[in-house]
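Me: I'd like to go through this fold piece by piece. Can you take my questions one at a time?

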Amino acid sequence: MEKAGTMKMVCSLLILTVVTSVTTASAHSRMDQLRRNLLANGLGATPPMGWNSWNHFGCKIDEKMIRDTADALVSTGLAELGYKYVNIDDCWAEIARDDEGNLVPKKETFPSGIKALADYVHSKGLKLGIYSDAGYFTCSKTMPGSLGHEEQDANTFASWGIDYLKYDNCNNDGSKPTVRYPVMTRALMKTGRPIFFSLCEWGDLHPALWGHKVGNSWRTTNDIADKWDSMISRADMNEVYADLARRGGWNDPDMLEIGNGGMTKDEYIVHFSLWAISKAPLLIGCDVRNVSKDAMEIISNKEVIAVNQDPLGVQAKKVRMEGDPEIWAGPLSGYRVVVVLLNRGPWRVSLTANWEDIGLPPNTVVEARDVWRHKTLKTQFVGNLTATMDSHACKMFVLRPIS
């Protein structure tokens, strides 16, 4: 009996050991998956919204301007609309690291340090972003990059309370981005602080094909300029990768130029419309402390923002191209469809969106909401919808099936 009892105990221990080993292996497998995939940071369920210093200010930045911008985001109501990230771009650090190899904020422009600035921004209910580079120097060559210092810099950013990292691609060692960028991914994850990771790789090695395992967004284009041709070409290049965008990982055609003065109001409306339906990050690039009425009207359009932030998270595509006239469309939650009728040409045109092109059954009856006029059209549409656009202008509709 004693021997039988001993054998029973041994068998039980063996079973427990096997179960524990399987459970541990499963847990390790899950952890390995999390380590391989930055989406474990839980960020980017919808495209990020906020502000970035580069497009308007370039290197002419300081801590007072960042604090004032945070104040302006709150006082204008933009923060309440979802513009939460206050992102410092290039030129914030001294050219030399300290004796321990740490990045040092510029004493002349950020004398209080980044931690104090993060505390201030957080006190406003906002988040602070910062900039570095997967190279030896940043693109301005005025401060060090993070190549070879990834873990140290990630720990520094986390200790300061950073919420967003834009990671550029200049002055590197010639190795592929697919080698350099994951090093920072692992470093950020190791800190334990959720930091949105924006890959600014310029579309060099088609980051849309591999970015979802490395970052929360990835640039698909070179830098935007405040001109129609630059803006529309970025939208074109970004659209190619529409199928690869997803919750937690977004295609990024670069930051917004609305309010910087280089385009007409209609062109800026096209800009915001295409960025919204493309599920692009909505990062304001103008001076929000002194924003024009027209620019504010565009960037504060709640209905257009809602399209960008729609929980379905599907990027729209071009469904018809008839020379200069184009139709872009994509699905939204609640069986709705967003449609942009775009006139890229120099003359006024009429354009028709057919249901079969935009993913609706041909006999579907829809209610059409003009999101720029904030008006639901009285006519109910079956089979198609037609609108007329001026040069470099668009119409944007959310279509809701009613029968």
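Me: How far apart are the sulfur atoms of Cys-59 and Cys-91?
Reply: This is a predicted model, where local features need pLDDT of at least 70, side-chain atom pairs count only at pLDDT 80 or more, and totals for chains, interfaces and linings use all residues. Residues are numbered from 1 along each chain as its sequence is written, and side-chain values use heavy atoms, with hydrogens and water left out. A disulfide here is a pair of cysteine sulfur atoms within 2.5 Å. Cys-59 and Cys-91 form one, with their sulfur atoms at a separation of 1.8 Å.

Me: How many residues apart in sequence are the parts that this pair ties together?
Reply: Cys-59 sits in the loop between helix 2 (54-57) and helix 3 (63-75), while Cys-91 is in the loop between strand 2 and helix 5, so the parts tied together are separated in sequence by 32 residues. Helices (H or I, at least four residues) and strands (E, at least two) are DSSP runs, numbered from the N terminus. For the sequence separation, then, the value is 32 residues.

Me: And how many disulfides does a search of the whole structure find?
Reply: A disulfide is a covalent bond between the sulfur atoms of two cysteines. Cys-59 with Cys-91 is a disulfide, and the search of the whole structure comes to a total of two.

Me: Which strands are the edge strands of the open sheet of eight strands?
Reply: Two strands count as paired if DSSP finds at least two bridges between them. This sheet runs in the order 7-6-5-4-3-2-1-8, with parallel pairing. Each edge strand pairs on one side only, and they are strand 7 (250-252) and strand 8 (282-284).

Me: Which strands are at the edges of the open sheet of six strands?
Reply: That one is ordered 9-10-11-16-13-14, and its pairing is antiparallel. Pairing on one side only marks the edges, strand 9 and strand 14 (375-382).

Me: Where does the positive phi turn up in the hairpin of strand 9 and strand 10?
Reply: Strand 9 (residues 317-321) pairs with strand 10 (residues 325-331) over four bridges, in the antiparallel sense. Three residues lie between the strands, and the one taking a positive phi near 80 degrees is Gly-323.

Me: What is the bridge partner of Asp-370 in strand 16?
Reply: Strand 13 (residues 365-370) and strand 16 (residues 393-401) share five bridges and pair in the antiparallel sense. For Asp-370, the partner in strand 16 is Phe-397.

Me: Is helix 8 roughly parallel or oblique to helix 9?
Reply: Axes are lines fitted to C-alpha atoms, for helices over the stretch in contact, with angles from 0 to 180 degrees between N-to-C directions. The axes of helix 8 (residues 228-239) and helix 9 (residues 265-277) come within 10 Å and cross at roughly 15 degrees. Angles under 35 degrees count as roughly parallel, over 145 as roughly antiparallel, 65 to 115 as roughly perpendicular and the rest as oblique. Helix 8 and helix 9 are therefore roughly parallel.
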